[in-house]
Amino acid sequence: MEKKYCTAVVLAAGSGKRMGTKVHKQYLLMGGKPVIYYSLRAFQDSEVIDEIILVCGSGEESYCREEIVQRYGISKVSKIIPGGAERYHSVWNGLKEAENGYVYIHDGARPFVDEAMIQRAYECVSEYHACVAGMPSKDTVKLSDADNVVAETPDRSRVWIVQTPQVFESELIKKAYSMLMEQEKAGVTDDAMVAEQMLGTPIRLFCGSYENIKITTPEDLEIAEVFLKRRS
């Protein structure tokens, strides 16, 4: 079967308020390189990915081009475009530039995506049309009511912690996001949720990695440094 064209939309438009730094989390140094470098390098070196679209904060396009893309030789980056007010606006901006085929949507603050994960995603989306990386939860999860009283305890064997990349047939996810933008429906926290709510699309889970963490707080950066040293 002929390989489908694959675009990675990498999101680097977040402000990172919970990090408590003036520098946005995706540009903080980790092992001497910006956090965003590592996911871009993974997609750059991947046999699966044909093109990268980098979505950065508005006004940061030149910085991303010169200090990230050109400095580190990320030649698959074909477009650097500004993001929007919310994550879903940034995703939509990136999706509008994506070619037909499969689209990998990935948070630039997740530096540990790797080739094995990218390959698993391709195999999964080829069969199921829409899939997301995740891992079974190690912890028991409680759902609360409005007063922080436990309302429900889901069966842990069925609870997954969802990650990125989230991968879709491009026409499917573009249609879902187009419908979302028409409705301006707030409260969307990931791309699978858009496909679920707008189109009723079944989403397949595939294994990411317990190391595939998102850099959100200072503690995350410390943990990431440990993972990076172990890998190198």
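**A loop residue to begin with**

Ser209 is in contact with Met117, Met135 and Gln163, leaving aside its neighbours within four places in sequence; contact here means heavy atoms within 4.5 Å. Ser209 sits in the loop between strand S11 (204-207) and helix H7 (218-231). Helices (H or I, at least four residues) and strands (E, at least two) are DSSP runs, numbered from the N terminus. Ser209 is buried, with a relative accessible area of 17%. The cut-offs are these: buried is under 20% relative accessible area, exposed is over 50%, and partly exposed is in between, with a 1.4 Å probe and protein chains only.

Two remarks on the source. This is a predicted model, in which local features need pLDDT of at least 70 and side-chain atom pairs count only at pLDDT 80 or more, while totals for chains, interfaces and linings use all residues. Residues are numbered from 1 along each chain as its sequence is written, and side-chain values use heavy atoms, with hydrogens and water left out.

**Other loop residues**

Gln26 lies in the loop between strand S1 (6-12) and strand S2 (29-30). Gln26 is buried as well, at a relative accessible area of 2%. Not counting residues up to four places away in sequence, Gln26 touches Ala12, Ala13, Gly14, Pro34, Val35 and Ile36.

The loop between strand S6 (102-107) and helix H4 (115-128) holds Gly108. Is Gly108 buried or exposed? Gly108 is buried, with a relative accessible area of 0%. Beyond residues up to four places away in sequence, Gly108 touches Val10, Leu11, Val35, Ile36 and Ser39. From Gly108 to Gly134, 26 residues apart along the chain, the C-alpha separation is 16 Å.

Asp114 is also in the loop between S6 and H4. Asp114 is partly exposed, with a relative accessible area of 26%. Between Asp114 and Ala186 there are 31 Å, C-alpha to C-alpha, and the two are 72 residues apart in sequence.

**The cores**

Now the nonpolar cores. A nonpolar core is a set of buried Ala, Val, Leu, Ile, Met, Phe, Trp, Tyr and Cys residues joined through side-chain atoms within 4.5 Å. The largest one has 47 residues, and those with the most contacts inside it are Leu40, Phe43, Ile49, Ile52, Leu54 and Tyr104. Helix H1 (residues 35-45) supplies the largest share of this core, seven residues. Apart from this core lies another, of 24 residues, among them Val9, Val55, Ala176 and Met181.

What is Ile52 in contact with, leaving aside its neighbours within four places in sequence? The list is Ala8, Val10, Leu40, Phe43, Gln44, Ile74, Lys76, Val77, Ser78 and Lys79.

**A buried strand residue**

Phe168 is in strand S10 (residues 160-169). At 0% relative accessibility, Phe168 counts as buried. Not counting residues up to four places away in sequence, Phe168 touches residues including Tyr102, Val125, His129, Ile173, Asp191 and Ala195. Phe168 and Ala121 are 47 residues apart in sequence and 9.4 Å apart in space, C-alpha to C-alpha.

**Helix packing**

Last, the helices. Helix H3 (residues 87-95) and helix H5 (residues 170-183) pack at an angle of about 135°, with their axes 10 Å apart. Axes are lines fitted to C-alpha atoms, for helices over the stretch in contact, and angles run from 0 to 180 degrees between N-to-C directions. H3 and H5 are therefore oblique to each other: angles under 35 degrees count as roughly parallel, over 145 as roughly antiparallel, 65 to 115 as roughly perpendicular, and the rest as oblique.

In H3, Arg87, Tyr88, His89, Val91, Trp92 and Leu95 meet Ile173, Lys174, Tyr177, Ser178, Leu180 and Met181 in H5.

Why is H3 largely enclosed by the rest of the structure? Seven of the nine residues of H3 are buried, so the helix is largely enclosed. Those buried residues pack against S1, strand S4 (51-56), strand S5 (77-82), S6, H5 and helix H6 (191-199).

H5 also meets H6: their axes come within 9 Å and cross at roughly 75°. That makes H5 roughly perpendicular to H6. On the H6 side, the residues in this contact are Asp191, Val194, Ala195, Met198 and Leu199.
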